[in-house]
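Look at the structure below with charged side chains in mind.

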Amino acid sequence: MSAPLPQPSPPVWRHALEGTLAVVAALVTMAATAWVALALLGAGTVAPLSRLVPTLVSLALGGGVTLESATESDGSADGGGLGGLFGGGGLSLSLAGEVALTPLTLSFLGTAVLAIAFFRPLRRRGRPTPAMLWARCGGALATAGVAVPVCALLARGTARLPESVQERIGERAGAGRTGGFGGGGGGGGGLTSALASVSFRTDAVATAFLGLVGVAAVLAVGCLAARRTTLPRPLALGGPRTKWNAAMSTLTGTAAVLCCATLAVAVLAGAAALTGREQAARAAGVLLLAGPNLVAVLLTAGMGTSWEAGVRRLRPEGGGMAGMLGAGGQDDAAGGDRSLDLGLWAGVGVPLWVTGLLLALLLLLLAGYVAAARTPARTARQDSNALLGRHTDTALRVGVAVAVATFVLPFLARGSLRIGVSLMGSEMGGLSAGLGTSPRLSALTAFVVAALASYGGSRLHGRRARRREHPAGNPAPRPGAVSSRRARSPEDRVIS
């Protein structure tokens, strides 16, 4: 049965419209997932979801969140504490901080929806011209340039801090040692009132720039990695695509499978939450936001990336009154700081880096096998003119791509929260918490591991292909002989 004839390619304006709709679909998917995750976490008691959802979407696009105290304490309550000491005259307590975190589940869903909606409609159509593809990209980038800043402008509001968080920050700032800032007792009433709520906002300019860079990167990588699509002939048969399509499509597919696995676990946890299990609801909410972050930590730890999670106390800035008031709490600073080297953490009896390395080796072995299967067969002339063998060529391309990913992923998967309390403009203290990393030479280690594992996978595919082509009873060809099977062109194997 013959394949259906491709439909004619639509006009340029429709390509631009479809590019626009691809970005809109990606942002809507990210927003819907963020809303579900926040609802599972019960975040509606902290701030309106209509403000938190665009905030999470902005974080997923690379933006950062700035925190400021919504109210300030003047330290004059009841004439006690410091307020009474200075005659009730305006000792201003304020809070400031920032949040830097990328919820990679939202980033993955936005990337997947954008790529599918952008490239998949081209599959059953006639080959577009370069102008049509440029119009498609222009529609996507123009829509992102408008929608992302609007989303960032909506990502601002006021959040109510839980009492436990207020008390913890107050203790870190030394309130418990000074009898309270502005009024009564060890509860730190003035300080607590200053920390009752915080206002948050997102930098629209930085978010818009990073969002545009992200959309452009997805489209550029998609032009190399997309398989079930039809692209303009100069791009489809160009050197970058014919050389990198097999490796890039395999690795992006592997990453998509891992991210979908975390989504599946989140769905199962969400189903368990319907029975009233609060812990399952929290687990589902966390996985819907940061499931791929955990996978990135696991795999990069196996490649030698050093990950550290910790909570630390912020010391006052130098001397002066702020330093003197904060010095009372320095004695137990060492006891308050906590850190954990995740690479050496053995939750199941095996260090995390060993688990990550074994998982990475298995995935890269399969990636080498699949990449070899997707690589077009060489002709006799190509084989004689090639500088590297087929298996070595596949291994090097996979190794380079994995090394780049290992270098970039730590910057995306890490996160930090910093909150400081200031008195009259001088920082009294506070706390910082986060997941940090030091890549070191992990990219080089990743290149070596990926190249060796994918080389083994490519060799395995070559052996199986020879066995299928020459069953028992037929003599196998000499090692240097060229297979009699017709070699498919890049147009057949890579593009269509």
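In this predicted model, Arg14 and Glu18 form a salt bridge, with their closest N and O atoms 3.3 Å apart. Side chains of opposite charge can pair when their charged atoms come close. A search of the whole structure finds seven salt bridges, and some of them are described here.

- Arg14 and Glu18 both belong to helix H1, which covers residues 12-41.
- The two residues are four apart in the chain, about one turn of the helix.
- Arg14 is partly exposed, with a relative accessible area of 38%.
- Glu18 has a relative accessible area of 12%, so it counts as buried, the cut-off being under 20%.
- The pair is part of a network of salt bridges that links Arg14, Glu18, Arg125 and Arg136.

**Salt bridge between two strands**

- Glu68 forms a salt bridge with Arg201, and the closest N and O atoms are 3.8 Å apart.
- This pair links distant parts of the chain, since Glu68 and Arg201 are 133 residues apart.
- Glu68 lies in strand E1 (residues 65-69), and Arg201 lies in strand E4 (residues 197-202).
- Glu68 is partly exposed, at 35% relative accessible area.
- Arg201 is also partly exposed, at 37%.

- The side chains of Glu278 and Arg282 meet in a salt bridge, at 2.7 Å from N to O.
- Both residues lie in helix H11 (residues 278-302), four residues apart, which is about one turn of the helix.
- Arg282 has a relative accessible area of 40% and is partly exposed.

**Helix H10**

- Helix H10 runs over residues 239-273 and has 35 residues.
- From its first C-alpha to its last, H10 reaches 50 Å, close to the 51 Å expected at 1.5 Å a residue.
- Where does H10 bend? The bend is at Asn245 and amounts to about 55°.

**Nonpolar patch on the surface**

- Val400, Val404, Phe407, Val408, Phe411 and Leu412 form a nonpolar patch on the surface.
- Together these residues have about 490 Å² of accessible area.
- One of them, Val404, is found in helix H16, which covers residues 390-413.
- Val404 counts as partly exposed, with a relative accessibility of 47%.

Terms used: Residues are numbered from 1 along each chain as its sequence is written. This is a predicted model: local features need pLDDT of at least 70, side-chain atom pairs count only at pLDDT 80 or more; totals for chains, interfaces and linings use all residues. Side-chain values use heavy atoms; hydrogens and water are left out. The expected span of a helix is 1.5 Å times one less than its number of residues. The bend at a residue is the angle between axes fitted to the seven residues ending there and the seven starting there. A salt bridge is a side-chain nitrogen of Lys or Arg within 4 Å of a carboxyl oxygen of Asp or Glu. Buried means under 20% relative accessible area, exposed over 50%, partly exposed in between (1.4 Å probe, protein chains only). Patches are made of residues with over 30% relative accessible area and no salt bridge: like charges are joined within 9 Å, nonpolar side chains (Val, Leu, Ile, Met, Phe, Trp, Tyr) within 5 Å. Accessible areas come from the Shrake-Rupley method with a 1.4 Å probe; for residues, only the protein chains shown count as cover.
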